[in-house]
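Please open the model in a viewer and keep the selection panel at hand.

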Amino acid sequence: MTASSEARSLDQTSTWAVAVVSLVFIVISLIIEESINGIGKWLTKHNKKALYEALEKIKAELMLLGFISLLLTVAQTRVAKICISESLANTMLPCKNHQNETEDSSENHRKLVSGALFSDQEGLHKRILSSASTSSCSEGKVPIISENALHQLHIFIFVLAIFQVLYSVLTMGLGRAKMYSWRAWEQEVETLDYQLSNDPSRFRLTHETSFVRRHLHFWYRIPIFIWIECFFQQLLCSVTKVDYLTLRHGFISAHLAPGSRFNFHKYIERSLEDDFKKVVGISLPLWAFAVIFILLNVHGWQIYFWLSFFPLIIILLVGTKLQVIITKMALDIQSRQAVVQGTPLVQPSDEHFWFGRPQLILFLIHFTLFQNAFEVAFFCFIWLQFGLKSCFHEKFGFIITRFAMGVGVQFLCSYITLPLYALVTQVCC
């Protein structure tokens, strides 16, 4: 195939080829649009207002990512004409600079890595050679970013959009699956056996109740030991039946008349949907993190590897804090009274949270979900675009560690931490 046939413009392309390609993309777009609208109609019909708002947020984020991609497409020729000095372009490269290998290949290899975030060591050398002849920069200067790198940036934005949708669905699915296991406890409350065994007129010593016994041990006066115990509790059994029933009793006592029949489980599910609505969007601080991540992804710094620990550390810290809050509520019961009547009554208070702000914990969960989705999307993009053993993946052990942590963090955040947050905040706030 000749070079001229490979670079044919639209006026030299068969109309049937243009029509077929256009039709395919139009049909795919319409199918996606109708599918999203169908999901929205189903959510509206079943009175899932929070989930419908979350769906609208996802649509807005997809539109924003598409608009960014459109701007890159329109401006890529002009951006590629912006010239900078070659010495400046060779700073903070994401891959090792091969400029000194041979004199003839110096300029081409510099352009290979000048895409900053998106460079490949295989297959791109020939394409860079063809673009070198069209460079409008004077001697000693090079484009700030090549058109090929901008094209790869389009692909990354597309991959990021896919992972945002997948992670959103997975987050809600795992959260609902966790809460489904609590449904049996809610149904048990309506049984005669439960009402007889939990007589509200019966007096008991506080330290003999199941809730206090579970959370208070001989080391409960030492804060560091409480945090250590709560750290393992979130991993082994974040919410037990006695926790659920006690927190349920505290919520009903604080907001409803005594003896009221109330489906607390359904209420917590709605609370989870409200929280989910807040963690699916991409706020300005999260976009700032994405830019900083791209900026610091410099060869030799291993920032990508060390940043992958942040979501794990944050989500384990948040989960531990939520367990500590439950333990403190048990400690408050113990300190207030030596004898309780019926089920122990927890006292709601925002003071249990950091700085008295429950929203701070939700922001940390939101940040963790976005950072984890961004890193996994970046990992998969590099893998699919450049191969598993590219310059970004020089150490295979780091690759396995990052991917395993990404899967683990998603499970911890969606299946354990987010449902636990929904439960605790409804009782404490």
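This is a predicted model: local features need pLDDT of at least 70, side-chain atom pairs count only at pLDDT 80 or more; totals for chains, interfaces and linings use all residues.

Residues are numbered from 1 along each chain as its sequence is written, and side-chain values use heavy atoms, with hydrogens and water left out.

**Whole protein.** Colour by secondary structure: the protein has 18 helices and 4 strands, assigned as DSSP runs (helices H or I, at least four residues; strands E, at least two) and numbered from the N terminus. Of the 429 residues, 44% are buried (under 20% relative accessible area, 1.4 Å probe, protein chains only).

**Core.** Next, select Trp182, Tyr244, Leu322, Ile365 and Leu423, which have the most contacts inside the largest nonpolar core, a set of 92 residues. Such a core consists of buried Ala, Val, Leu, Ile, Met, Phe, Trp, Tyr and Cys residues joined through side-chain atoms within 4.5 Å. Helix α17 (residues 358–386) supplies the largest share of this core, 16 residues.

**Trp182.** Which residues does Trp182 touch, not counting those up to four places away in sequence? They are Val239, Tyr244, His265, Ile268, Pro419 and Leu423, where contact means heavy atoms within 4.5 Å.

**Helices α2 and α3.** Finally, select residues 15–45 (α2) and 49–80 (α3), which pack at an angle of about 160° with their axes 9 Å apart. The axes are lines fitted to C-alpha atoms over the stretch in contact, and angles run from 0 to 180 degrees between N-to-C directions. The pair is therefore roughly antiparallel (over 145 degrees). At the contact, Ile36, Asn37, Ile39, Gly40, Leu43 and Thr44 in α2 meet Leu51, Tyr52, Leu55 and Lys59 in α3.

Definitions and conventions:
Buried means under 20% relative accessible area, exposed over 50%, partly exposed in between (1.4 Å probe, protein chains only). Angles under 35 degrees count as roughly parallel, over 145 as roughly antiparallel, 65 to 115 as roughly perpendicular and the rest as oblique.
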